Amino acid sequence: MSSPFDLKKDIDIAWCPGCGNFSILRIIKKVLESLAIDPQELVMVSGIGQAAKIPQYFKTHYFNGLHGRALPPATAIKAVNPSLTVIAEGGDGDMYGEGGNHFIHTIRRNPDITHLVHNNMVYGLTKGQASPTSQKGFTTPIQIHGVILEPLNPLAVALSLNASFVARAYAKDHDQTADILSQAIKHPGYALVDIFQPCVSFNKVNTYEWFKKHTKYLSDHDTSDREQAFHLALQADPLLLGVFYQHEKNESFERSHPIYRHDSTPLLKRAYQPEIIKEIIESYYL
C-alpha cells in the first residue's frame, strides 16, 4: 500500500537485504500516516551513517548534515517554526559517539522533537568498528581482542538528565514499535526512542535471534516513576522494551524561550527588521 511519504520514483536503497533499517523506514511512514502528519509540515534531520540515510527515502523536507550533528539543527528548526513536526534520526555511532555531546545538551534544552536512534551496536557504514553501545568482548577488525570498554547506556543517560520521554523499541516488532513511536511523536517535549536494529553484515552477535532471546517488554510499569525507570534501564539481560519514563513538567525549549514569551508568532513568520540587527551589530563596535 502506498504512503503519502513515498517517493514517486523507485530508487536504489543503500542497505543490505535483511537490514533492520527497512522495518524502521516502514514503521515511521505508517505512524506518520496514522497521525495524519502532512508531509509539508514534517522535517526530518540526520547526520551521517546508514541509518541517517532514512530521510532520503521520504517525500518530505529534510536536512542532512555533519556526522553527529543532527540535534542542533533539529532544535533550531523547531525553534523558528514550532508548528512543524521535527524528527532527528540516525545510528548509535552517529548519535551517541560523534553526537554524544549534542545528545546530552539537547536533553537539557527539551525541544519538542522526536529523537530516533537505530541501535545495532556497531558502525555499519564504515564496515564494522565498535560503537559506543557495542557489548564488552565484541570483536571487530579493529577490536581484534574484543571491546574492553563498558557500553554506553543511552536510556540511563537520558533518565539521569530527566529527559521528558524515554523509550526503547525493537525494529522486528512492528506493532509495538509503531505504538511507541506514535507516543513519542505526540509527546510535547524531547522524546528519545532507542530502537534495537540488527546489522546483518557487520554484527554477527546481536542478530534477530539474539534480540528475540535477550529482550522483554515492560509490564505493570508506572511511566511516571523515574527512579524505577532508571533501575529498569540498568537491567542487562533481558534488555527491556517499552516506554520507561514520561513527564510534561518542563516547558519545551521553544515555548520557554524569552522570544516567545510575549509573542507566539513563529520567528519564521515575523517581519524582517534590519534596523534592529544593525543596532545590535553596532553595539559591539561603536
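Glu 282 is partly exposed, at 33% relative accessibility; by the convention used here, buried means under 20% relative accessible area, exposed over 50%, and partly exposed in between, with a 1.4 Å probe and protein chains only. The model is predicted, so that local features need pLDDT of at least 70 and side-chain atom pairs count only at pLDDT 80 or more, while totals for chains, interfaces and linings use all residues. Residues are numbered from 1 along each chain as its sequence is written, and side-chain values use heavy atoms, leaving out hydrogens and water.

The side chain of Glu 282 forms a salt bridge with that of Lys 278, at 4.0 Å from N to O. The term denotes a side-chain nitrogen of Lys or Arg within 4 Å of a carboxyl oxygen of Asp or Glu. Both residues belong to helix H10 (residues 274-285), four residues apart, about one turn of the helix. Helices (H or I, at least four residues) and strands (E, at least two) are DSSP runs, numbered from the N terminus.

How many salt bridges does a search of the whole structure find? There are six.

One of them joins Asp 6 and Lys 29, at 2.8 Å from N to O. This pair links distant parts of the chain, 23 residues apart: Asp 6 precedes helix H1 (20-34), and Lys 29 lies in that helix. Asp 6 is partly exposed at 26%, whereas Lys 29 is buried at 12%.

Arg 168 and Asp 194 also meet in a salt bridge, at 4.0 Å from N to O. Arg 168 is in strand S5 (residues 165-170) and Asp 194 in strand S6 (residues 191-196), 26 residues apart. Arg 168 is buried at 4%, and Asp 194 is buried at 1%.
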